[in-house]
Amino acid sequence: MNEIRKIALFTSGGDAPGMNAAIRAIVRTAIYNKLDVSGILRGYEGMINGSFIRMDSRSVSNIIQHGGTILKTARSKDFLTEIGMKKAADHIAKNNIDAVVAIGGDGTFKGAEEFKNYSEIPFIGIPATIDNDLSGTDFTIGYDTAINTVVQAVDKIRDTADSHDRLFFVEVMGRDAGQIAIYSGIASGAESILIPETETLLEKLINTLESGWNRKKSSCIIIVAEGDETGGAFEIARKVKERFTQYEARVCILGHIQRGGSPTAMDRVRATRLGIAAVEAVLSGQKHQMLGIVNDKIVFTPFKNAVKQHLPVDAALIRIPDIVSV
Ligand code: F6P
């Protein structure tokens, strides 16, 4: 094992609240262990372009509470090419980097796995995406903040839905996973939650709305994951409006509001624990592993296994709206 003197870190893919807390923890843990630290700007783009900056304790002061990422982020197409990977490997070598910590999601770790063909540099990954769609961790950084953002928004929508006796279709992020939808839907008391992991049955939805109407519900909230196979909130709203005219219907797409904002305490703590663990993993010779938190313990998963979760969502969660929104 080569001696580790200098590490680099970057954020990549969609930003997630808590990335800054992870950056802070990595930089400070590296300094605590007498390592030099470089930040790479805009993820793999910066690795290709050589955008490396020296980081010290003060460069991560006063960031733990901020959303976004001070290192910026990108979804690099060039990194998927042989030329891109070769350039990135050259810059890693020129900057005397001994190990890299990557903060991101599925695409970030697939990139790191592929990069093994171009560089022997050890990579450690920290899962950060609002989608919570990775295997090998119970929660990704940013998820807790995102679901709390959705709940705050739906609480507001409920005020206007109730005042006007309306049906609202609220679309939340999660292009392949219904994790944001299911947790935020339960927490906001949604009457129905539509997710890609289960087949959306129009009949069942209409029945739910009709029985609510018959029980004198004055308004309803349907949470729709953007990845639901119905094609999103506008499409399902259109189909429902054709069959169910009792309530006036409106659609609200929450969009990127879910990616910003100050991270929750939970996201800051998870990011800090994972950031410290990542540097310690590098120092103990680990490579090509994503760190995660499972049953409140730090665990390692090889990048190739830490891919998006396409596991069924717990059936016990799926039945909740049917029980508690009668
Ligand atoms: O991966 C996180 C995520 O926010 C998804 O939920 C969403 O589908 C996607 O990113 C949006 O990506 P972009 O900001 O690149 O449009």
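Predicted model: local features only at pLDDT ≥ 70, side-chain atom pairs only at ≥ 80, totals over all residues.
**Notebook: the ligand and its surroundings**

I started with D131, where a side-chain N or O atom is 2.7 Å from an oxygen atom of the ligand.

Next I looked up H256, and its side chain has an N or O atom 2.8 Å from a ligand oxygen. For R259 I got 2.9 Å, again between a side-chain N or O atom and an oxygen atom of the ligand. Then I checked cover: on its own the ligand has 400 Å² of accessible area, and the protein covers 76% of that.

Which pocket holds the ligand? I found it sitting in the largest pocket.

I then listed who surrounds the ligand. R75, T129, I130 and D131 are there, along with M173, G174, R175, E226, H256 and R259. Sorting this shell by class, I got 5 charged, 3 polar and 2 nonpolar residues.

On to the domains. I have the chain divided into domain 1, which is 6-142 + 263-308, and domain 2, which is 144-259. For the contact I noted 16 residues from domain 1 and 13 residues from domain 2. Taken over C-alpha atoms, the centres of domain 1 and domain 2 are 34 Å apart.

Why do I put the ligand between the two domains? Both domain 1 and domain 2 give residues to the shell around the ligand, so the ligand lies between them.

Terms used. Residues numbered from 1 in each chain as written. Heavy atoms only, no water. Near = heavy atom within 4 Å. Polar contact = N/O pair within 3.5 Å; in protein donor to acceptor, adjacent residues only side chain to side chain. Areas by Shrake-Rupley, 256 points an atom, 1.4 Å probe, with all protein chains shown as cover. 1 Å grid on protein atoms, 1.4 Å probe; cavity = no way out; pocket = protein on both sides within 12 Å on 5 of 7 lines; lining within 4 Å. Sits in = over half its atoms within 2 Å of the grid points. Nonpolar A, V, L, I, M, F, W, Y, C, P; charged D, E, K, R; others polar. Domains from an automatic or database assignment. Contact = heavy atoms within 4.5 Å.
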